Amino acid sequence: MIGNKIRNVGRVAEAALAAPSRLAAGAGLGGSVQVRHVDAGSCNGCEIEIGQAFGPVYDAERYGVRLVASPRHADVLTVTGPVTVNMAGPLRKTYEAMPRPRLVVAVGDCARDCGMFAGGHGVLGPVGDVVPVDVQVPGCPPAPAAIVAALRGVSGR
Ligand code: SF4
């Protein structure tokens, strides 16, 4: 049972790695990626999994991926949640403050298509309606291994 789960996580990771690796090469991100995160209206479930992705078990920093506090230091923007009306402006400003090349990773079903909050009061739309999205990580919430796989794809390691 546990063996099956590990094999499934491996397949998810491989699938997520395939396309973004080419993206990393095209964007000129040389194996070291600084990530700024924005919660645009999440329930916080995705943040818990992102925390795990950077924790001691999954340890995304092994692959050249680091969280930073300022968009001015960031190559990659991770975004969770459906974008609320109040967060659309801050999300756009964060994206505009990032130097080029810059990539956006939409983490979780809400970021991709509003998920269970579609049509809800105060929801403006998915992340792609506000900033251009380069990589999507499906799931509600996505597993830490899938998040790490997507970030490895953009770091190219
Ligand atoms: S995808 Fe699921 S866990 Fe993530 S913010 Fe939406 S409801 Fe929460």
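**Close-up views of a predicted model**

**View 1. Ser-32 lies in the loop that links helix 1 (2-27) to strand 1.** Residues are numbered from 1 along each chain as its sequence is written. The model is predicted, so local features need pLDDT of at least 70 and side-chain atom pairs count only at pLDDT 80 or more, while totals for chains, interfaces and linings use all residues; side-chain values use heavy atoms, with hydrogens and water left out. Helices (H or I, at least four residues) and strands (E, at least two) are DSSP runs, numbered from the N terminus. With a relative accessible area of 43%, Ser-32 is partly exposed (buried is under 20%, exposed over 50%, partly exposed in between; 1.4 Å probe, protein chains only). Leaving aside neighbours within four places in sequence, Ser-32 is in contact (heavy atoms within 4.5 Å) with Gly-64, Asp-75 and Ser-155. The C-alpha atoms of Ser-32 and Ser-155 are 5.8 Å apart, although the two residues are 123 apart in sequence.

**View 2. Five strands form an open sheet of order 2-1-3-5-7 with parallel pairing.** Two strands pair if DSSP finds at least two bridges between them. Strand 2 (65-67) and strand 7 (135-137) are the edge strands, each pairing on one side only. From one strand to the next, the twist averages 25°. Five bridges join strand 3 (residues 76-80) to strand 5 (residues 103-107) in the parallel sense, and Leu-77 stands opposite Val-104 in strand 5. Helix 3 (residues 85-97) packs on the sheet and touches strand 1 (33-39), strand 3 and strand 5. The direction of helix 3 makes about 170° with that of strand 1 (axes are lines fitted to C-alpha atoms, for helices over the stretch in contact; angles run from 0 to 180 degrees between N-to-C directions).

**View 3. The largest nonpolar core has 21 residues.** Such a core is a set of buried Ala, Val, Leu, Ile, Met, Phe, Trp, Tyr and Cys residues joined through side-chain atoms within 4.5 Å. Phe-54, Val-76, Val-105, Ile-147, Leu-151 and Val-154 touch the most other members. Strand 1, helix 2, strand 5, strand 7 and helix 5 (144-155) each give two or more residues, and helix 5 gives the most, with six. Not counting residues up to four places away in sequence, Ile-147 touches Glu-49, Ile-50, Ala-53, Val-107, Val-137 and Pro-142. A second, separate core of 17 residues includes Leu-77, Val-79, Met-98 and Val-104.

**View 4. The residues around the ligand include Cys-43, Cys-46, Cys-110 and Cys-140.** Ser-42, Gly-45, Asp-109, Phe-117, Gly-139 and Pro-141 also surround the ligand. Helix 2 (45-53) and helix 4 (109-113) are the elements that give two or more residues to this shell.

Conventions. Near = heavy atom within 4 Å.
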